[in-house]
Amino acid sequence: MTQLRIAVAGAAGRMGRSVIRALAETDDCILTGALVRSGSPEIGKDALASSESVPVLITDDPVTAMGDAHAIVDFSTPQNSVTLAGYAARLHVPHIIGTTGFSAEQEAQVARAAESTAIVKSGNMSLGIALLSNLVKRAAAALPDFDIEILEMHHRNKVDAPSGTALLLGSAAADGRNSNFETTADVSRRDGARRDGSIGFASLRGGTVVGEHEVIFAGPHERVVLSHTAEDRSIFARGALAAARWSQGKPAGLYNMQDVLGDLVP
Ligand SMILES: NC(=O)c1ccc[n+]([C@@H]2O[C@H](COP(=O)([O-])OP(=O)(O)OC[C@H]3O[C@@H](n4cnc5c(N)ncnc54)[C@H](OP(=O)(O)O)[C@@H]3O)[C@@H](O)[C@H]2O)c1
């Protein structure tokens, strides 16, 4: 079996380490490059830290990290991901971007790089969330008169609210109704009755919750609730590896997890 050669950017970060662990648990993929920022104390260490495998030396040089890779999986910083997208475009290596927080200008730079290589970019790499988003869009279309409320809960240290994933789900619901998410979203409800057609959000914070999302469709005397529970960050790493597999042989372009999911379900 030819293994998929994967480079990891942000290799010393929480998600980078999670991707490296996920790689160690798969047979069809192998870590071949590990990229960290210049000046990192990790440079020169073995990313696998195992005496049983060929060492993968951590580097701050993108070309060394991704030169012979089939794909690069990147959970780092927006600035680094933009720079890497340029390298990925020049080297024609598919780039899987899980990094969040891009400015409009940075989004445009990634889109330009995607003219030369396949880029899969998503603020939530979980396949479960990709499926939920797909179901939410369909439910919103099928139940046009139901009120839509999105409830999310995360650990006590999360600073942004609603979560990016809750907004992604809200946007999918708006798509299902051909409505404008910017004008239908109600992210800071105050006193007063519910606005017709709005999509409401509620955020709970506490403990160590990795991520809970519920999309509630409330109609007269009945409710449909679609939900997702993230138990561990490894779901994002496994989703990113699914995207790396999917990206092989794809034409240049900017893709998301709906594209990846589309090839996995009939
Ligand atoms: N899409 C998803 O499903 C998903 C899921 C979870 C997280 N995320 C996002 O993924 C990103 C990383 O999250 P995290 O929790 O892993 O954060 P983290 O632990 O802070 O990791 C980010 C890593 O990127 C490294 N980095 C910074 N500049 C770099 C450069 N020029 N080259 C290579 N590496 C560089 C940082 O190195 P130093 O620490 O040495 O500066 C750090 O190790 C965030 O944007 C987060 O929101 C997305």
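**Notebook: ligand site and backbone of a predicted model**

I began with Gly-123, where a backbone N or O atom lies 3.1 Å from a nitrogen atom of the ligand. I note here that the model is predicted, and I read each distance as a value computed from it.

At Gly-98, a polar backbone atom is 2.9 Å from a nitrogen atom of the ligand, while at Thr-100 an N or O atom in the side chain is 2.6 Å from an oxygen atom of the ligand.

Next I looked up the surroundings as a whole. I found 21 residues around the ligand, of which Met-15, Arg-37, Thr-100, Met-125 and Arg-233 come nearest. When I sorted this shell by residue type, I had seven nonpolar, 11 polar and three charged residues. Which pocket holds the ligand? I checked, and the ligand sits in the largest pocket.

I then turned to the chain, in which I found nine helices and 12 strands. Along its principal axes, the C-alpha trace spans about 60 × 40 × 35 Å. I compared the radius of gyration of the chain, 20 Å, with the value near 18 Å that a compact globule of 266 residues would have, and the two agree.

Last, I looked up two backbone details in loops. The peptide bond that joins Ala-161 and Pro-162 is cis, with omega at about -10°, and I placed Pro-162 in the loop between strand 7 (147-154) and helix 6 (164-176).

How values were computed
Residues numbered from 1 in each chain as written. Predicted model: local features only at pLDDT ≥ 70, side-chain atom pairs only at ≥ 80, totals over all residues. Heavy atoms only, no water. Near = heavy atom within 4 Å. Polar contact = N/O pair within 3.5 Å; in protein donor to acceptor, adjacent residues only side chain to side chain. 1 Å grid on protein atoms, 1.4 Å probe; cavity = no way out; pocket = protein on both sides within 12 Å on 5 of 7 lines; lining within 4 Å. Sits in = over half its atoms within 2 Å of the grid points. Nonpolar A, V, L, I, M, F, W, Y, C, P; charged D, E, K, R; others polar. Helix = DSSP H or I, 4+ residues; strand = E, 2+ residues; numbered from the N terminus. Rg over C-alpha atoms; globule rule 2.2 N^0.38 Å.
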